[in-house]
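Please look over this structure with me.

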Amino acid sequence: MMLLVQSIIAITIRAGTSLVYATIGEIYTERTGVLNLGLEGMMLMGAVTAFAVAYHTGSLVLSLLVAMSMGLVLSAIHAFLCITMRANQVVSGLSITLFGTGMASFLGQRLGPAENSFYLVGLTSVRFNRIAVPFLSDIPILGALFNQDIMTYGMYILIPLAWFYMFKTKHGLNLRSVGESPHTADAMGISVTKTRYLFTIVGGMFVSLGGAHLSLSYTPGWTENITGGRGWIVIALVIFSMWNPARAIYGALLFGGINAIQFRLQIAGAAIPAPVLNMFPYLATIAVLVLVTWLESKGKKRLGAPAALAVSYMREDK
Amino acid sequence: MRLYFEKRKTSSKIVLICVPIISLVISLILTGFLLLVFGVNPLATFSAMFNGAFGSSQNFAETLVKAVPLMLTGLGVSIAFRLRFWNIGAEGQLVLGGVAATWVALFASPYIPAFLLLPSVLLAGALAGAAWAGVPALLKTRLQVDETLTTLMLNYVAILIAEGLFYGAWRDPGGMGFPGTARFPQAAWLPRIYGRVHYGLVFALILAVVLWFFIYHTKWGFELHMIGKNRTAANYLGVNIKRTILVSILISGAFSGLAGASEVAGLARRLQEGLIQGYGYTAIIVAWMAQLNPFASIAAAILMAALLVGGDQVQMMMRLPSAVGLVMQGMILFPLLAGSLFSEYRLRISRTRGEETP
């Protein structure tokens, strides 16, 4: 039993890592008032380029840098369209997803070696291996947390840092005020445009890192649609964590955990059909959204969605 | 000297026409450049894509097959967008429409006279789509819950319901391991016009005309316009905003539900994976490209479908990834999105220094 719990925790954390990176990225983007629905495309581009670079150079560091630069470019396009050109954020985000999905699939059939007719599918490369932390990994049950890869350990550090920066520093306050009330922020001398650009791009880089974790560790290698809709799940996770980086882990555990448990249940031949189990996180997300909205209307205190989310800003029209 | 945007009094017609053309040209140049980088002849690729989508009556029929669900969902989404109700749940509404239609065709058919079966199948699809859109509409009008997020979440629930059924309870035991339901009885089949093009095309064209009439020539259309432009003014004019939103979103969902029903009844004649193609997401782009105009939505749906079919053809003929079609869709959309600003604003150069805000 203890071994079972331990293995479920291990799988949950591993499945959740890519989700946490992407969720924290999107939380930062949305907190400044920019909704980016291009996550699926950015994660796929991160995954395909990270794997291609790892395959050809053998350098994991370089892989991560290239993956992040993909997130940088795609989210910069989104930022330019939504912030400077005031385009519709939903349509722009969907376009990023279309383009990123198409481009990743294209690259997956072009960046491989000639002997594999330029395909990346079916190849193996260097990858992140699990590193057991001495002593800590021997703790019963919780030891599972300390037998993970470097990116997961990075996630343990990222979560508190991202929370601290957002809620305990002046910069964090500024970025939240841009998402809550851009006019007020502007009047206080904060550049709405710069803040939104910066965190849309930084957020995008983390999203692509999440994609890179998939192709370099969780399911090593490149397959078409390796993300399996994770980019969309992240949109749900941002709501589920009520736009707070510290809570990003809960949602990731929920989705990752259901993956892990489902796998076990299938082996055990249990009666709960998988789709019903899979539906639960989405329904829970809607419930959280309804609850947050209801509480806000009662108490006037803002808990969740930034007030200016998906609203473009131009100083001239008030 | 500095550049700034000034709001136009009326949106510019010239810009509305020029921007799409320029966008298409930019997209061809950028995609062409990308193909060159990978050592592929761009002109040969584009002509293969064009031929694949429009080159013969059979190819054009395939383009229409893919365009029909995009037309119906695109029209539906455009109703919601007129109200600034960001319904991005067309995908779920379409899938659930397909599920409801399948239920009627397979399980309620013994109790329905044959000549009524097909209408019942289609009606069930439309109703299910409406109901699926009704949930976020109610949450929005009653509790102010953000509709972008709820409609998106419900897409996954609908897809999981459909998958649960055709992989599980409704799976055809005689399907030789192929996931999908049994074939519909013949009375539930939606007839075909040419090739695989089914009567869904006729529904889409008729509904476009009907929608155009309602939007531009009735009180309901005017109310939609008012609510979308200025909610406070609409309220003063005595428009029942909540009821109008609810009714319009139900209609919006019904369009997508009908798309799902005509897909299952006209193409596969069974519920299976092929229904879930992401049409509902592309529909948003179709509606937006068409500036919510019903006739333009039909044209935009054909363009998006042509890129998909053209991409498939390139894969077969030139052994290039079919994803070229998706890449081109994105490449057209980026300049189109950037250009959308110019219909509402004009770029001005100010020569004064110092206090520059006009």
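1. Lys140(B) and Glu147(B) join their side chains in a salt bridge, with N to O at 3.0 Å. The term means a side-chain nitrogen of Lys or Arg within 4 Å of a carboxyl oxygen of Asp or Glu. Lys140(B) is partly exposed at 21% relative accessible area, whereas Glu147(B) is buried at 3%. Buried means under 20% relative accessible area, exposed over 50%, and partly exposed in between (1.4 Å probe, protein chains only).

2. This is a predicted model: local features need pLDDT of at least 70, side-chain atom pairs count only at pLDDT 80 or more, and totals for chains, interfaces and linings use all residues. Residues are numbered from 1 along each chain as its sequence is written, chains are lettered from A in the order in which they are written, and side-chain values use heavy atoms, without hydrogens and water.

3. Over all chains there are three salt bridges. Arg196(B) pairs with Glu62(B), with closest N and O atoms 3.1 Å apart. This pair links distant parts of the chain, 134 residues apart: Glu62(B) sits in helix H3 and Arg196(B) in the loop between strands S2 and S3 of chain B. Helices (H or I, at least four residues) and strands (E, at least two) are DSSP runs, numbered from the N terminus.

4. Glu223(B) bridges to Lys219(B) at 3.3 Å between the closest N and O atoms. Both lie in helix H8 of chain B, four residues apart. Glu223(B) is buried at 14% relative accessibility; Lys219(B) is exposed at 63%.
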